[in-house]
Amino acid sequence: MPDLGKYATEVMASYAVSLVLIVALVAVSVWRARSAKAALDAVEARIKRNG
Amino acid sequence: MIALLSRDLALAVRAGGGFGLGLAFFLIVVVLVPFGVGPDEALHARIASGILWLGALLACLLSLDRIFALDFEDGSLDLLATAPLPTEALVSVKAAAHWLVTGLPLVAAAPVLAILLNLPAMGYGALVLSLLLGTPALSVIGTFGAALTVGIKRGGLLMSLLVLPLYVPTLIFGAEAARRGAEGLDWTTPMLMLAGITCGVIAVLPFASAAVLRVNLR
Amino acid sequence: MASVWEYANPKKFIETTDRILPWVAGLAVVTLVGGLIWGFFFTPADYRQGSTVKIIYLHVPSALMAINAWLMMLVASLIWIVRRHHVSALAARAAAPVGAVMTVIALVTGAIWGQPMWGTWWAWDPRLTSFLILFLFYLGYIALWQAIENDDTAADLTSVLCLVGSVFAVLSRYAVNFWNQGLHQGASLSMDKEQNVADVFWYPLIVCMAGFVLLFVALVFLRTQTEIRARRMRALLARERLS
């Protein structure tokens, strides 16, 4: 752990906020990509089955 | 075009047209401000020009959804769009009518309301001139916002979100010119910038408004 | 040689990005984690700013991407208007939330940095104000996409909004500059490497910027795929209902 001096709170806070935002954005994107893919696959399979 | 303009004006002045609504809103904003910031008259004098600009802008915003909504609902907008009149001219006329009905009364009312806020005497010229130059831009930009959201039900809030950021340059230069006037400074530069924005917006934005209106009526 | 417009075919786009995406994403993670660790653990504190200088590794790249995301949306909107490739419109849609998040990161890290350095969380400084306005533009753009049901109408309207918004964003930038001279230091970076950022801070910063760019590209690929699939599903369901 580097010595952050008297500004430790500020530095940690900005890293924490940014990382949380980035991770949330990535998580939402991946989750939506997965669900969209699954939903599309399901619909396509059903249409193929029904002719 | 003139027929359309006079029709819009007649519709607006008739009962239920909302002619006085913008003015009433402007008055209420100006009356409420002292309640919000306290009765200090020196403070009022300092912020008067900004409050008047902001009030005029909000009053203008409030009446935007009337530009197309009523015509869209009763189908006359489709007729107008298929008329031989180019859509660009249609939106320009609509913007002009909106300015005559909303913007011009606001400009006329501003000096009266300025008395309530103790605007310094030397500020009146700059205030009226800046509003006179700035409100056409507000109407034209607002017409673009109204054209964007014409097909959307309950689009009023969305339109505010779209239009307000577009108002930023006009507001900055207009309020800056009025503020400098009230403080007795030289206001030529912001006033010229404001005039430039208004001219540019009037020249270019009707094309964008017409494009989105055509998309929405497709 | 195939033309670049081939990738405007949604199917081709999904196939290609599927192949590239793991590499871009992996590279993004490596550079981002590497750059941030380098910056956080292995750079000295600045003699004036103390350790707050480490915030630069988040602040500058996110601000960079906040603007570049809008530029990318502008280009994609133009492509949609001129050539009407659906992928282009959907890519613009996919990029908007990423750009908005980048703007928030830039604003928040800037505020946290400003508190000890300028003695205030927020100042109505031209750069800060312009970023706030940019954020409002992102919000309006995203809201307009969500408000319209018809995909083509939404794409048309949002792309015009993006064009008009770009002009007004630039106008606002100059207006705000005129309105208030700021606290913010001038661009601390440029391609010819200004002297105000020392090498110790400069190299990890480059890595972080590359990481943010890669992250943006990966996210846009992924989100565009999502949009394409969602649209295809809507089309299939609509066809099913008709038959």
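Visitor: Why is the meeting of E44(A) and R232(C) called a salt bridge?

Guide: In this predicted model, the side chains of E44(A) and R232(C) come to 2.7 Å, N to O.

Visitor: Which elements of chain C give two or more residues to the side that touches chain A?

Guide: They are α1 (10-42), α2 (56-83), α3 (86-118) and α6 (199-242) of chain C. Of these, α6(C) gives the largest share, 13 residues.

Visitor: What makes up that side of chain C by class?

Guide: The side of chain C that touches chain A has 22 nonpolar, six polar and six charged residues. As for the buried area, chain C and chain A bury about 3,000 Å² between them, with 77% of it on carbon and sulfur atoms.

Visitor: How many residues does each chain bring to the contact?

Guide: Chain C brings 34 residues and chain A brings 30 residues. Among the two pairs of chains that touch, A and C have the most contacts.

Visitor: How do you know that no contact joins chain A and chain B?

Guide: Their closest C-alpha atoms lie 23 Å apart. Contact means heavy atoms within 4.5 Å, and no contact joins chain A and chain B.

Conventions: Residues are numbered from 1 along each chain as its sequence is written. Chains are lettered from A and ligands numbered from 1 in the order in which they are written. This is a predicted model: local features need pLDDT of at least 70, side-chain atom pairs count only at pLDDT 80 or more; totals for chains, interfaces and linings use all residues. Side-chain values use heavy atoms; hydrogens and water are left out. Buried area is the accessible area (1.4 Å probe) that two parts lose on being put together, summed over both. A salt bridge is a side-chain nitrogen of Lys or Arg within 4 Å of a carboxyl oxygen of Asp or Glu. Helices (H or I, at least four residues) and strands (E, at least two) are DSSP runs, numbered from the N terminus. Ala, Val, Leu, Ile, Met, Phe, Trp, Tyr, Cys and Pro count as nonpolar, Asp, Glu, Lys and Arg as charged, and the others, Gly among them, as polar.
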